[in-house]
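Please examine the sequence and the coordinates shown here.

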Amino acid sequence: MLKSSMVTPSIRLLAVDIDGTLLNPEFKISDADLAALRRAHREGVEVVVVTGRRHTFALPIVQQLGFDLWLISSNGAVTRSLFGETFHRDLLPKETCRKLCMVMQDFRGYSVLTFDIEGKGAIVLERMDQLSGSIQRWLEKNLQYIEFVIPIEKSLTTDPVQLMFCGPIARMHEGLAVMAASTLAADITVLRTEYPVRDLSIVDVLNRGCTKGHSLERWAKYRGIPREQVMAIGDNYNDIEMLAFAGVPFIMGQASEELRAKGWAVTLPNDQNGVAAAIEQVLGRSRVGAKVAY
């Protein structure tokens with residue numbers, strides 16, 4: 001059931017997340033969601049994809065939309081066009097990252113460093129054994145970019161995009177507590193994404209103040225679009241700042257009760273064309289034409 005009693009102004013910018021939002025449980029974009037985004041684009045709404053994925057890893061998904069747009073990747077750290085033009089980067093200082101590696105000494109087996117480069121070395125691990133189970137699909141698709149460095153700090157010859165930890169939810173909660181209690185807490189941004197069905201938590205550590213929300217706000221200001229005319233659709237904890245900034249926020253129907261309780265409009269789940277349903281709710285069936293059952 002789509003829940004919304006909003007009377008919305010004309011939407012000029014639409015920010016949509018990828019995993020759990022644009023992609024259904026089969027990791028595909030549904031025909032209805034694809035049609036809704038394309039029609040919104042034709043109606044003059046600027047679409048921007050905002051994801052926790054690296055730019056290169058997100059590209060094959062975004063290119064399926066079939067029109068030119070900008071991509072905010074790595075939870076707001078990089079804003080870049082599909083053709084490689086960079087608008088903004090917000091990298092994690094390498095010295096901060098080096099200190100963080102020491103603070104998180106007991107979590108090295110879950111650690112992943114990412115760099116804003118092409119080819120091998122864009123992703124750096126010490127080892128794969130503690131990562132292989134929960135994110136096997138991600139590892140397989142990114143093998144050509146992975147380099148093994150022991151200790152991982154040796155790879156910090158330049159500022160990374162982020163330091164990421166991937167593992168079981170309970171274990172990652174332990175890591176979150178360690179970071180929160182450290183002296184580095186004020187120098188970093190810690191974002192989490194959780195998938196309870198897979199018992200997978202991804203904890204992204206970025207530069208202080210770097211979030212999807214801050215990057216979306218920066219882009220909207222550049223485009224001269226007030227937040228009241230910004231719509232955002234997301235499903236997870238790393239989407240909170242983006243949804244809080246948007247004047248018209250929608251949370252996916254399968255999102256946790258904690259997120260659903262924030263009072264944002266709730267669209268259908270990602271296995272029921274939730275993106276199309278949200279767009280239809282705001283722009284109207286006659287403009288979008290998505291056929292979604294309520």
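**Sheets, helices and cores of a predicted model**

In the hairpin formed by β4 and β5, with 4 residues between the strands, Gly84 adopts a positive phi near 95°. Helices and strands here are DSSP runs, numbered from the N terminus: helices are H or I runs of at least four residues, and strands are E runs of at least two. The model is predicted, with local features requiring pLDDT of at least 70 and side-chain atom pairs counted only at pLDDT 80 or more, while totals for chains, interfaces and linings use all residues. Residues are numbered from 1 along each chain as its sequence is written, and side-chain values use heavy atoms, with hydrogens and water left out.

Buried denotes a relative accessible area under 20%, exposed one over 50%, and partly exposed the range in between, computed with a 1.4 Å probe on protein chains only.

These strands belong to an open sheet of 8 strands with mixed pairing, in the order β5-β4-β3-β2-β1-β12-β13-β14. Its edge strands are β5 (86-89) and β14 (265-266), each of which pairs on one side only. At the β14 end, β13 and β14 run parallel and are joined by 2 bridges; Ile251 has Val266 as its bridge partner in β14. In general, strands of a sheet pair through backbone hydrogen bonds, either parallel or antiparallel. Helix α3 lies across β2, β3 (70-73) and β4 (78-81), running at about 135° to β3. Such angles run from 0 to 180 degrees between N-to-C directions, with axes taken as lines fitted to C-alpha atoms, for helices over the stretch in contact; contact means heavy atoms within 4.5 Å.

Which residues have the most contacts inside the largest nonpolar core? They are Met231, Ile233 and Ile279, in a core of 36 residues. A nonpolar core is a set of buried Ala, Val, Leu, Ile, Met, Phe, Trp, Tyr and Cys residues joined through side-chain atoms within 4.5 Å. Among the elements that give two or more residues to this core are β1 (13-16), α2 (31-42), β12 (230-234) and α10 (274-283). The largest share, 6 residues, comes from α10. Apart from this core lies another of 22 residues, among them Leu13, Leu216, Tyr237 and Ala246.

Helix α2 has Ala32, Asp33, Leu34, Ala36, Leu37 and Ala40 as its buried residues. At 1.5 Å a residue, its 12 residues should span 16 Å, which agrees with the 16 Å between its end C-alpha atoms; the expected span is 1.5 Å times one less than the number of residues. Just after α2, Gly44 takes a positive phi of about 100°.

Thr21, in helix α1, is buried, with a relative accessible area of 0%. Leaving aside neighbours within four places in sequence, the contacts of Thr21 include Asp33, Ile233, Asp235 and Val275. The side chains of Thr21 and Asp235 are joined by a polar contact of 3.2 Å, that is, a pair of N or O atoms within 3.5 Å, of which, within protein, one must be able to donate a hydrogen and the other to accept it, residues adjacent in sequence counting only if both atoms are side-chain atoms.

A further open sheet has 6 strands in the order β8-β7-β6-β9-β11-β10, again with mixed pairing. β8 (146-148) and β10 (188-195) are its edge strands, and the twist averages 25° from one strand to the next. Helix α4 (residues 94-103) lies across β6, β9, β10 and β11, at about 30° to β9. Helix α6 also packs on the sheet, touching β9, β10 and β11, with its direction at about 170° to that of β10. Val178 is found in α6 and is partly exposed, with a relative accessible area of 31%. Beyond its neighbours within four places in sequence, Val178 is in contact with Val103, Met104 and Phe107. Val178 and Val103 are 75 residues apart in sequence, yet 7.7 Å apart in space, C-alpha to C-alpha.

Definitions and conventions
Pairing = 2+ DSSP bridges.
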